[in-house]
Amino acid sequence: MLIIDCPYCGPRPEPEFAHGGQAHVARPADPSQATDQEWLEFLYLRHNTRGVFAERWRHARGCGRFFNALRDTTTDHFLATYRAGEKPPVLPAGGAR
Amino acid sequence: MSKLKRHPPHIDRRDWLAPLPAATRFSFRGSSEAAAAASRALGVELSQVACRAHVAGERAALWLGPDEQLLIGAESEAATLRDSLTVALGDIPHSLVDISHRQVAFVVHGAHAEWLLQSGCPLDLELSHFPVGMCTRTVFLKAEIVLWRTAPDTFRLEVWRSFAEYVTSLLAEAAIELSA
């Protein structure tokens, strides 16, 4: 079974988690001044990365917290998990597999 | 009629599964400041460590998340607990919700308790990984449960009441293998 390292609870089985889409999508700083194009990009446009991708995950049937994870989309390997609000960790060269 | 029965054959559940009496339950959420105030009112120190339960007498506080605890007390204490917690928490931002009747509790105990729960729970329940005093929200097959190990061979399950029959039936089904 796929084990995901929750930043709050430690390593836990995958059925407890829910996927939350691309991470680090910033809401326009001044919403009333944002253009239609900026709203479009914020609301709908997402990357479809092949390889290491920063995603939001939620430990839905555990501590309930959202956190971020670096996952290789080709191998489903989790390279790192970190708390929401933190910067993604720098991976060692050739870290992806 | 077919020899197949819709329900698993009756087995004596009493020797490994026991329902627990009704209890008072609160879902508590708040900062560490609110948790400290709740600890004083409850008489149980709310755990700061992930997935640990603290007990004092009939009262218990189970860590469910960084800002979330499940507070359990005797059924007769519902009003007392609510009032003392509300007074102690005062103006500190928090959420305190009475969920006494949302869920029911069972004890699964005996030499096969770990094996029985492992039939539907994907966590590693081996004693070194899931020690006495550890508690967590997790899944039992499709049902969400709160699992708490109160002794090496004893687990307390908190199950949403409409899922109780589902969980106990599947545990009973797993137990058939033990009697085979």
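This is a predicted model: local features need pLDDT of at least 70, side-chain atom pairs count only at pLDDT 80 or more; totals for chains, interfaces and linings use all residues.
Visitor: What makes strand S4 of chain B mostly covered?
Guide: Count its buried residues. A residue is buried if 20 or more other C-beta atoms lie within 10 Å of its own. Five of the seven residues in S4(B), residues 59-65, are buried. Therefore the strand counts as mostly covered.

Visitor: How do you know that S3(B) and S4(B) pair?
Guide: Two strands pair if DSSP finds at least two bridges between them. S3(B), residues 53-56, and S4(B) are joined by four bridges. So they pair, and they run antiparallel. In this pairing B:Val55 stands opposite B:Ala60. Two residues lie between the strands of this hairpin, and B:Gly57 takes a positive phi near 60° there.

Visitor: What makes S5(B) a partner of S4(B) as well?
Guide: The bridge count again. At least two bridges are needed. S4(B) and S5(B), residues 68-74, have five, in the antiparallel sense. So this is a pair too. B:Ala60 has B:Ile72 as its bridge partner in S5(B). These two strands also form a hairpin, with two residues between them.

Visitor: How do you know that domain 1 and domain 2 of chain B touch?
Guide: Contact requires C-beta atoms within 7 Å. Nine residues of domain 1 meet that limit with nine of domain 2, so the domains touch. Their C-alpha centres lie 23 Å apart. On the domain 1 side, S7(B), S8(B) and S9(B) each supply at least two residues. The largest share, three residues, comes from S8(B). By class, that side has five nonpolar, three polar and one charged residues.

Visitor: How many residues of chain A are in contact with chain B?
Guide: Eleven, and they meet 13 residues of chain B. The chain A side divides into six nonpolar, two polar and three charged residues.

Definitions and conventions
Residues are numbered from 1 along each chain as its sequence is written. Chains are lettered from A and ligands numbered from 1 in the order in which they are written. Two residues are in contact if their C-beta atoms, placed from the backbone, lie within 7 Å. Ala, Val, Leu, Ile, Met, Phe, Trp, Tyr, Cys and Pro count as nonpolar, Asp, Glu, Lys and Arg as charged, and the others, Gly among them, as polar. Domain bounds come from an automatic or database domain assignment. A residue is buried if 20 or more other C-beta atoms lie within 10 Å of its own, exposed if 12 or fewer, and partly exposed in between; C-beta atoms are placed from the backbone.
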